[in-house]
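Open the structure in your viewer and keep the selection tool at hand. The stops below say what to select next and what is there.

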Amino acid sequence: MLIILIVSVVTGAFLSFNGLLPEVLVNNNGLLVEAMLYLMLFLIGFDLGTSRAGLKATLKPDRYLIIVPAGTIAGTIFGGFLCSFVIDLSAMDSMAVASGFGWYSFSAVILAKVKSAELGAIAFLSNVIRESLTLVSVPFIAKYFGQYAAIAPGGATTMDVTLPVIEKFAGRRAALIGFVQGVLLTGLTPFIIQLFI
Amino acid sequence: MLYYILAVIAGLIPSLFLPEGYLGHVRRHLFTFSLVGLLFFMGVNLGKDPHILEKLADYGLTSFIISVFVIVFSVAFVLLFVRLFGKKEC
């Protein structure tokens, strides 16, 4: 399954880069991504409803809905800080880039506007790479470090793009926590990024 | 964001009135289809930027290092927080 996922991304990028796809598909790409997302989120809701035991577990108050996003935020910022010792960026810039939490469109635009085009490009690439590495690494992280650890790499993308991979490899409960983490981080990212610019 | 939550609720509400495990087989195939489609179109989005290769060459290594640090430490901190604040196993 993992190979199919990687091949899907690479094939899409290759065909699009070389102009081998019909214009209509490339131009309406954003719309198609949204359509796939809605179908997937609908199915996750449907799956939850037809599993009564899963639904009961989901509705219970759960401390992990706070613990996991808190760990993701702290680890992301700390990782960004430590990173500044090995790359040519200040600690604040490095933490600002990390604070995109995988939300590349937002972080790139904000940092390009407020700081520099160069930092915007780094924010874009770094957060795209975070999302892509998440898609590839979640199966391994879920297997060797457990369901909670598998939610961390996705950051704010766990409410959409990386949610299906979490559901598939870490289970329904992890998908629920992942969805909540995505909603929380999407709301918090604009505030957290402000701390470092 | 609100629409994402509404999509989950739109799937959840009708399924509450259906038997447990209803259409499980069809659902699994549709789920795989939506996942593959999502990733394919994400790739299309990356590939349609004509400067993607130049950007990768210029800032690729720095961006990659940041991503790896961020992923490694977010996993480590979640494991640490779960150990510190999670339920103790009996």
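Predicted model: local features only at pLDDT ≥ 70, side-chain atom pairs only at ≥ 80, totals over all residues.

Residues are numbered from 1 along each chain as its sequence is written, chains are lettered from A and ligands numbered from 1 in the order in which they are written, and side-chain values use heavy atoms, with hydrogens and water left out.

**Annotated spans**

Select residues 35-55, 64-87 and 174-196 of chain A, which an unreviewed UniProt entry annotates as "transmembrane region". UniProt positions are given here in the numbering of this model, feature names are shortened, and annotations may be inferred rather than shown by experiment. Residues 64-87 of chain A are 83% helix and 0% strand, with end C-alpha atoms 33 Å apart. For residues 174-196 of chain A, the figures are 91% helix, 0% strand and 30 Å between the end C-alpha atoms. Helices (H or I, at least four residues) and strands (E, at least two) are DSSP runs, numbered from the N terminus.

Move to chain B, where the same annotation, again from an unreviewed UniProt entry, covers residues 6-23, 30-47 and 59-82. Residues 6-23 of chain B are 56% helix and 0% strand, and their end C-alpha atoms lie 22 Å apart. Residues 30-47 of chain B are 100% helix and 0% strand, with 26 Å between the end C-alpha atoms.

**Salt bridges**

How many salt bridges does a search of the whole structure find? Over all chains there are 2, a salt bridge being a side-chain nitrogen of Lys or Arg within 4 Å of a carboxyl oxygen of Asp or Glu.

Select Arg173(A) and Asp62(A), whose side chains meet in a salt bridge at 2.4 Å, N to O. Arg173(A) is in helix 10 (residues 172-194) of chain A and Asp62(A) in the loop between helix 4 (52-59) and helix 5 (64-83), 111 residues apart. Arg173(A) is partly exposed at 33% relative accessibility, while Asp62(A) is buried at 14%. Buried means under 20% relative accessible area, exposed over 50%, and partly exposed in between (1.4 Å probe, protein chains only).

Next select Lys115(A) and Asp93(A), which form a salt bridge at 3.1 Å, N to O. Lys115(A) lies in the loop between helix 7 (104-114) and helix 8 of chain A, and Asp93(A) in helix 6 (residues 91-98), 22 residues apart. Lys115(A) is partly exposed at 38%; Asp93(A) is buried at 16%.

**A contact across the sequence**

Select Phe169(A), in helix 9 (residues 163-170) of chain A. Phe169(A) and Pro139(A) are 30 residues apart in sequence but 5.4 Å apart in space, C-alpha to C-alpha.

**Surface patches**

Select Ile6(A), Val10(A), Val136(A), Phe140(A), Tyr144(A), Phe145(A) and Leu79(B), a nonpolar surface patch with about 650 Å² of accessible area together. Patches are made of residues with over 30% relative accessible area and no salt bridge; like charges are joined within 9 Å, and nonpolar side chains (Val, Leu, Ile, Met, Phe, Trp, Tyr) within 5 Å. Accessible areas come from the Shrake-Rupley method with a 1.4 Å probe, and for residues only the protein chains shown count as cover. Helix 8 of chain A gives the largest share of the nonpolar patch, 4 residues. Tyr144(A) is exposed, at 58% relative accessible area.

Finish with Asp88(A), Glu118(A), Glu54(B) and Asp58(B), which form a negative surface patch. Lys and Arg count as positive and Asp and Glu as negative; His and the chain ends are not counted. The place of a charge is taken as NZ of Lys, CZ of Arg, CG of Asp or CD of Glu. Glu118(A) is in helix 8 (residues 117-145) of chain A.
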